[in-house]
Amino acid sequence: MFLMYDRRILIFHCSFVAASALNMINLPEEGYIKYSIAFHEEKLDRGICDTELIECRNTLHQLKLIGVYPDGVGYGNISRRSGEHNQFVISGTQTGNITSATEDHFSLVSHFEIKNNSLTCSGKVKASSEALTHAAFYEAYTNINAVIHVHHFLLWKKLLHIISTTDEKILYGTPAMANAVKRLLQTEKLQKEKILVMAGHSEGIFTFGNSLQEAFIILMQYFESKYY
Ligand SMILES: [Zn+2]
């Protein structure tokens, strides 16, 4: 199955993936993981991370909506619900420099607890530092099946306080951010527009949808709308 949007083509396929060592780390640096993590390093089973998700991530990287800053800190991430109990697959931490990502650059989040700021994931890489914010979307509504987080300064600045916006005091990758997202998700405005910006996370924009296609198209509508 193919999704065509404008000049871009996203290929829909499935490949499955698989996931054993257990480490606990907690790193505080900006741009890096802030949550407590139980990480099983192993190759994901085929099919857990499909071609559509990989192609969508790589398209966003080409558009520089996902990437890496000159100081080496990566930005942007993408996820999709996988299986039951709010599991999801998300691009890995510190993969923003990868031009052509593969399934080895994604991680399966099999369990999370927002209030404890902790999660369990598996793959060749650890989950993105913003995984718990993605988790908030999946926990809030079972019909949210994909979440995209990108950085774009001009679009972010233009959309601040026009679309749903998290408070500037709330920092990325924190339980406070996850809870702020969940509160906004209860509003008619965000349920309708499916896009939000984070005032306390410069350049940070989230879109989501019932499908990856929907989340991607919403983002592109703003990105290409001369909105900025
Ligand atoms: Zn971000």
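F112 pairs through a bridge with L119 in β12. This is a predicted model.

Q: Which strands does β11 pair with, and in which sense?
A: Start with the general idea: in a regular strand the side chains alternate between the two faces of the sheet. Here, β11 (residues 106-113) pairs antiparallel with β10 (residues 88-91) over four bridges, and one of the bridge pairs is V89 with L108. β11 also runs antiparallel to β12 (residues 118-123), with six bridges joining them.

Q: How many residues lie between β11 and β12 in the hairpin?
A: Four, and N117 in that turn has a positive phi of about 60°.

Q: Why do the buried residues of α4 line one face of the helix?
A: The general idea first: an α-helix has 3.6 residues a turn, so residues three or four places apart point the same way. In α4 (residues 175-184), the buried ones are M177, A178, A180 and V181. Looking down the axis of α4, they fall within an arc of 160°, so they line one face.

Q: What covers those buried residues of α4?
A: The cover includes α2 (131-140) and β14 (164-166).

Q: What share of the chain's residues counts as buried?
A: Of its 228 residues, 45%. The chain has six helices and 16 strands.

Technical notes:
Residues numbered from 1 in each chain as written. Predicted model: local features only at pLDDT ≥ 70, side-chain atom pairs only at ≥ 80, totals over all residues. Buried ≥ 20, exposed ≤ 12 C-beta atoms within 10 Å, placed from the backbone. Helix = DSSP H or I, 4+ residues; strand = E, 2+ residues; numbered from the N terminus. Arc of directions from axis to C-beta. Contact = placed C-beta atoms within 7 Å. Pairing = 2+ DSSP bridges.
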